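These are my notebook entries on a single model. I record what I looked up, topic by topic.

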Amino acid sequence: STTTYMVIAIDSCGVDSAFFEVQVANDLYQISSDSSICVGDSLQLWATGGLEYRWMGNFLMNPDSANPIVYPQNNQYYFVEITSPNGCIFQDSVYINVDQSIPSPIMEDSVNLCQGDSILLDPGNIDNAIWYPNNNLITSSASAAISFTDSNQLYYFTSTNACGSLTDSVQVLVFGYSGQAFGNSTICPGDTTYLYAEDGVNYFWFPSYSLSHPDSCCTFAFPTTTTNYQVIVENAFGCADTFSVDVNVNPIPFVSAGQDLWIQFGEEVYLSGNTDAPIYYWEGTQFLSCTNCLSPQITTPENTYYVLHATDSLGCSASDTVQVNMEGILYVPNTFTPNNDGVNDLFEIKGENINEFELWIYNRWGELIFTSTNPEVQRDGTVNGREVQQDVYVYKILYSGYAQYQKVEKKQLVGTVTLIR
């Protein structure tokens with residue numbers, strides 16, 4: 001705005017001041033707004049507030065007037081330079097949008113809508129549209145609308161530009177959902193079960209990590225814990241719904257065959273089985289007093305395993321094993337016949353849980369003919385590669401075995417073995 005400035009001068013003679021006014025011209029101007037025309041048409045632009053005007057651009061008539069005429073063939077800016085009465089120069093521009101033809105929207109004849117959903121109706125190649133009827137319809141932009149109709153509906157839209165207007169339509173087809181799922185079940189740990197869904201064209205099961213075919217209508221499930229499976233069923237119209245199936249994993253029954261046992265040869269003991277299942281039995285029936293009781297009596301002459309099996313009311317099974325160990329025993333035959341007929345050809349000592357072992361064999365004259373520290377020793381009736389005569393031989397054995405957590409003292413066996421040819 002116009003402003004007055006003051007200057008003050010001071011010297012030895014005194015003080016003086018002066019004033020200077022700077023005037024700012026308050027010139028104003030106006031020009032045409034941005035416009036649209038159809039190709040082949042013309043438009044008169046205008047400007048005010050100046051003494052001189054200079055317009056610039058293509059397809060321009062009377063560029064030095066306030067009211068030139070333009071007939072652009074394409075979208076274009078026109079620039080103007082305005083000189084005001086006070087000599088101020090202003091520069092501005094006008095944008096002319098040139099429509100080449102009436103609107104030509106791109107829109108499908110029909111679209112599918114799933115019941116309860118909404119769909120965006122957005123024609124391409126136009127920048128404005130008026131939609132009707134407005135049943136279950138809201139405008140989302142200058143040219144688009146959103147429909148949430150619950151029944152089939154035909155919508156119209158009209159688009160207008162400088163060349164004219166065009167009306168088009170789109171049919172919204174509403175489809176319902178379909179599908180169902182089956183397979184609610186209870187299984188045992190480690191088992192599988194069959195799940196299936198129907199009335200769809202695409203299926204998506206989840207969680208998928210314990211399913212054999214998660215993208216199929218039918219799948220095997222093998223969960224380790226109780227699991228709720230979801231399946232998305234999509235029909236031919238793209239409408240999808242979600243269904244669920246529960247697979248309960250029953251815990252395995254409790255079963256215990258008891259602590260491992262160490263017994264002496266000929267000793268009678270009882271097993272100590274325990275279970276919360278109504279059905280049970282022992283496997284390894286030899287030397288058992290009963291197989292369908294929890295505490296059978298045993299009289300085993302050798303190391304033996306017994307397995308207790310249990311099954312609950314849902315058919316889930318579990319088992320546990322107990323080992324019965326003999327405390328260091330030996331078996332020494334009293335006769336053998338080394339005649340190569342494949343029957344009883346060897347003098348063979350068998351031991352269980354033997355820790356230390358020494359064997360001496362003597363003939364009838366007390367001569368030592370063989371010695372060994374191997375508890376699994378086998379003799380074929382020869383000494384130094386030569387057959388010994390048919391006779392009765394004396395053996396002596398010193399051995400010690402194992403009991404639970406400890407060794408036992410050495411024992412001595414003395415007896416005879418008869419060699420028959």
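**Entry 1: Glu 327 and conventions**

I began with Glu 327, which sits in the loop between strand E33 (317-326) and strand E34 (329-331). Strands (E, at least two residues) and helices (H or I, at least four) are DSSP runs numbered from the N terminus. The model is predicted, with local features requiring pLDDT of at least 70 and side-chain atom pairs counting only at pLDDT 80 or more, while totals for chains, interfaces and linings use all residues. Residues are numbered from 1 along each chain as its sequence is written, and side-chain values use heavy atoms, with hydrogens and water left out.

I then looked up the accessibility of Glu 327: its relative value is 19%, so the residue counts as buried. The classes are buried (under 20% relative accessible area), exposed (over 50%) and partly exposed (in between), with a 1.4 Å probe and protein chains only. I also took the C-alpha to C-alpha distance from Glu 327 to Ser 93, which is 113 Å for a sequence separation of 234 residues.

**Entry 2: Nonpolar cores**

I next searched for nonpolar cores, meaning sets of buried Ala, Val, Leu, Ile, Met, Phe, Trp, Tyr and Cys residues joined through side-chain atoms within 4.5 Å. The largest has 18 residues, of which Leu 330, Phe 347, Ile 349, Phe 357, Leu 359, Ile 361 and Ile 397 touch the most other members. Strand E38 (354-362), strand E43 (391-403) and strand E45 (411-419) each give two or more residues to this core. A second, separate core holds 17 residues, including Ala 257, Leu 271, Ile 298 and Ala 318.

I listed the contacts (heavy atoms within 4.5 Å) of Leu 330. Setting aside residues up to four places away in sequence, Leu 330 touches Ile 349, Lys 350, Gly 351, Ile 354, Phe 357, Ile 397, Tyr 399 and Leu 413.

**Entry 3: Backbone**

I checked omega and noted a cis peptide bond from Tyr 132 to Pro 133, with omega near -5°. Pro 133 belongs to the loop between strand E14 (130-132) and strand E15 (137-139). Phe 206 and Pro 207 are also joined by a cis peptide bond, with omega about 0°; Pro 207 is in the loop between strand E22 (202-206) and strand E23 (218-221).

I then noted positive phi in residues other than glycine. Phe 59 has phi near 50° and lies in the loop between strand E7 (52-56) and strand E8 (60-61). Asp 199 has phi near 70° and lies in the loop between strand E21 (193-198) and E22. Phe 59 is partly exposed at 37%, and Asp 199 is partly exposed at 44%.

**Entry 4: Salt bridges**

How many salt bridges does a search of the whole structure find? It finds three, a salt bridge being a side-chain nitrogen of Lys or Arg within 4 Å of a carboxyl oxygen of Asp or Glu.

- Glu 358 pairs with Lys 410, the closest N and O atoms being 3.7 Å apart. Glu 358 is in strand E38 and Lys 410 in the loop between strand E44 (406-407) and E45, 52 residues apart.
- Arg 364 and Asp 391 meet at 2.5 Å, N to O. Arg 364 lies in the loop between E38 and strand E39 (368-372) and Asp 391 in strand E43, so the pair ties together parts 27 residues apart in sequence. Arg 364 is exposed at 54%, whereas Asp 391 is buried at 7%.
- Arg 421 and Glu 387 meet at 3.6 Å, N to O. Arg 421 is in the segment after E45 and Glu 387 in strand E42 (residues 386-387), 34 residues apart.
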